[in-house]
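User: Hi! Could you walk me through this structure, one question at a time?

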Amino acid sequence: AILSTSRCDGSGGPAARVVLQKHPLGMQRQGDAISVLFTTARQSRKYCELQKDGRVALTYWNPETLSYVTFLGRAEQLS
């Protein structure tokens with residue numbers, strides 16, 4: 001999946017990178033809410049960006065439908 005965030009260097013510009021999910025497919029569903037779980041190091045640029053502004057977009061390629069699926073929401077630290 002591709003995670004898009006706002007840069008933490010003061011420019012406010014966009015940043016994107018590939019993320020690895022923690023669980024198979026990286027998704028959990030609870031009612032109408034969908035959670036996408038991924039890992040990051042606290043020393044990373046990604047962590048800095050998520051701490052400064054938790055708004056994110058996550059884009060998946062779905063090979064079954066030959067289309068992209070984009071999730072918009074807020075990132076939350078679990079542990």
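User: Where does Asp-53 lie?
Analyst: Glad to begin there, and please keep in mind that this is a predicted model. The residue sits in a loop, with H1 on one side and E5 on the other. So that we end on the place you asked for: Asp-53 is in the loop between H1 and E5.

User: Is Asp-53 buried or exposed?
Analyst: The cut-off to keep in mind is that buried means under 20% relative accessible area. Asp-53 has a relative accessibility of 15%, so the residue counts as buried.

User: How far apart in space are Asp-53 and Arg-74, C-alpha to C-alpha?
Analyst: Along the sequence, 21 residues separate Asp-53 and Arg-74. In space, their C-alpha atoms are apart by 8.5 Å.

User: What pattern does the chain follow along the sequence?
Analyst: The chain has one helix and six strands. Read in sequence order, these elements give β-β-β-β-α-β-β.

User: How does the radius of gyration of the chain relate to the globule rule?
Analyst: For 79 residues the globule rule gives 12 Å, and the chain has a radius of gyration of 13 Å. The two values are close, so the chain is as compact as a globular protein of that length. Along the principal axes, the C-alpha atoms fill a box of roughly 40 × 30 × 20 Å.

User: What share of the residues of the chain counts as buried?
Analyst: The chain exposes about 5,800 Å², and carbon and sulfur atoms supply 53% of that area. As for the 79 residues of the chain, the share that counts as buried is 23%.

User: Which element gives the largest share of the lining of the largest pocket?
Analyst: The largest pocket holds about 790 Å³ of space. Its lining has 24 residues, and the closest to the centre are Val-36, Phe-38, Ala-75, Glu-76 and Gln-77. Two or more lining residues come from each of strand E4 (33-36), helix H1 (45-52), strand E5 (55-62) and strand E6 (67-74). The largest share, four residues, comes from E6.

User: Is Val-19 buried or exposed?
Analyst: Val-19 is in the loop between strand E2 (14-18) and strand E3 (27-30). Leaving out residues up to four places away in sequence, Val-19 touches Ala-1, Leu-3, Phe-38, Lys-46 and Leu-58. Its relative accessibility is 2%, so Val-19 counts as buried.

User: How far apart in space are Val-19 and Leu-3, C-alpha to C-alpha?
Analyst: Leu-3 is one of the residues that Val-19 touches. The two are 16 residues apart in sequence. From C-alpha to C-alpha, Val-19 and Leu-3 are apart by 6.4 Å.

User: How far apart in space are Ile-2 and Tyr-60, C-alpha to C-alpha?
Analyst: Ile-2 lies in strand E1, and a relative accessible area of 35% makes Ile-2 partly exposed. Residues up to four places away in sequence aside, Ile-2 touches Ala-16, Arg-17, Val-18, Ala-57, Leu-58 and Thr-59. Ile-2 and Tyr-60 are 58 residues apart in sequence, and their C-alpha atoms are apart in space by 6.7 Å.

User: Which residue has a positive phi although it is not a glycine?
Analyst: Good one to finish on! The residue is placed in the loop between E5 and E6, and 64% relative accessibility makes it count as exposed. Its phi is about 55°, and the residue is Leu-66.

Conventions: Residues numbered from 1 in each chain as written. Predicted model: local features only at pLDDT ≥ 70, side-chain atom pairs only at ≥ 80, totals over all residues. Heavy atoms only, no water. 1 Å grid on protein atoms, 1.4 Å probe; cavity = no way out; pocket = protein on both sides within 12 Å on 5 of 7 lines; lining within 4 Å. Points joined across faces, edges and corners; volume = space filled by probe spheres on them. Rg over C-alpha atoms; globule rule 2.2 N^0.38 Å. Buried < 20%, exposed > 50% of the residue type's maximum accessible area, 1.4 Å probe, protein only. Areas by Shrake-Rupley, 256 points an atom, 1.4 Å probe, with all protein chains shown as cover. Contact = heavy atoms within 4.5 Å.
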